[in-house]
Amino acid sequence: MDLTITTWFALGTVGMAAGTIGLAAGYTRLSDPHRIPFLDLVAVTAIATVAYGLMALDLGAVTSARGATLYVPRYVDWLLTTPLHIVYVGWLAGADRSTLAKLAALQASTIVLGFAGGMVAAPLNLALFAAGAVVFGVLIYLLYTDISELAHERDDMTLALYRTLRNFVVVLWLVYPVIWLLGGPGIGFMDTETASLVVTYIDVVAKVGFGLIAYSTLRDIEFLSADSAMATSAD
């Protein structure tokens with residue numbers, strides 16, 4: 001493996017590990033209603049730390065039917081962590097368990113289809129990519145319609161956090177299909193080294209950034225709730 005690719009994966013490991021430590025520390029400062037759901041976000045960066053550590057050690061690389069290099073730990077990471085993000089966003093909106101399960105299954109399906117498409121020869125690779133894109137489109141549609149309607153029943157700050165995190169993941173996750181399509185699994189325009197650099201950067205931003213945004217806003221919500229409770233007691 002090229003040293004530069006190893007370097008990107010090593011940096012990704014450090015970034016995810018630092019994010020995990022920071023989010024775990026934040027977890028201890030949250031009140032009980034927010035703690036258990038927030039564990040999802042700590043788990044996201046912890047899983048990614050392991051995945052990037054394995055890739056930095058040159059473990060889990062496979063060659064597709066088209067000669068492209070795919071990293072199994074990365075897809076396992078995405079299979080586990082992206083549904084956790086979706087579940088957290090759905091939880092903020094107040095979705096029930098069956099709805100959360102549906103959203104998670106849709107997101108997991110996009111990862112499975114992406115990996116399957118990356119492993120097979122053309123034109124089946126593009127057909128599977130298209131199927132994954134359709135599933136992702138359905139997921140986005142639900143997040144902006146049915147789930148958004150649920151979120152409007154929440155308080156203003158929770159609604160604002162839902163919108164922020166929903167938009168955050170949708171915008172960033174739209175980059176991944178572009179990289180897939182341009183990279184080895186797709187048309188092969190982007191080399192493995194460049195794709196690894198871009199994906200590592202986006203991964204750290206998406207996972208650690210998501211957690212930091214959630215933590216910061218939850219602390220604001222708790223602070224305002226405490227102030228409101230104190231004001232009510234004073235009255």
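## Aromatic pairs

A search of the whole structure, a predicted model, finds nine aromatic pairs; rings of Phe, Tyr and Trp (its six-membered ring) pair if their centres lie within 6.5 Å, and planes under 30 degrees apart count as stacked, over 60 as edge-to-face and the rest as tilted. Phenylalanine 9 belongs to helix H1 (residues 3-27) and tyrosine 52 to helix H2 (residues 32-56), so the pair ties together parts that are 43 residues apart in sequence. Helices are DSSP runs (H or I, at least four residues), numbered from the N terminus.

Both phenylalanine 9 and tyrosine 52 are buried, where buried means under 20% relative accessible area, exposed over 50% and partly exposed in between (1.4 Å probe, protein chains only). Elsewhere, ring pairs link Tyr75, Trp78, Phe115 and Tyr176 into a cluster.

## Helix H7

Helix H7 has 18 residues (residues 156-173), which at 1.5 Å a residue should span 26 Å; the end C-alpha atoms are 26 Å apart, in agreement. The expected span is 1.5 Å times one less than the number of residues. The buried residues of H7 include Leu161, Tyr162, Leu165, Arg166 and Trp173.

## Annotated transmembrane regions

The unreviewed UniProt entry annotates "transmembrane region" at residues 6-26, 38-55, 75-93, 100-120, 126-144, 165-183 and 195-215; such annotations may be inferred rather than shown by experiment. Residues 38-55 are 100% helix and 0% strand, with end C-alpha atoms 27 Å apart. For residues 126-144 the model likewise gives 100% helix and 0% strand, and the end C-alpha atoms lie 27 Å apart.

Tyrosine 201 lies in helix H9 (residues 192-234) and is exposed, with a relative accessible area of 56%. Tyrosine 201 and proline 123 are separated by 78 residues in sequence and by 29 Å in space, C-alpha to C-alpha.

The mean pLDDT of the protein is 92, and 94% of its residues reach 70 or more; pLDDT is the predictor's confidence in each residue, from 0 to 100. Over residues 227-234 the pLDDT is below 50, and this stretch has zero contacts (heavy atoms within 4.5 Å) beyond near neighbours in sequence. Where pLDDT is low, the predicted coordinates should not be read in detail.

## Basis of the values

Residues are numbered from 1 along each chain as its sequence is written, and side-chain values use heavy atoms, leaving out hydrogens and water. Local features need pLDDT of at least 70 and side-chain atom pairs count only at pLDDT 80 or more, whereas totals for chains, interfaces and linings use all residues.

Key: Helix = DSSP H or I, 4+ residues; strand = E, 2+ residues; numbered from the N terminus.
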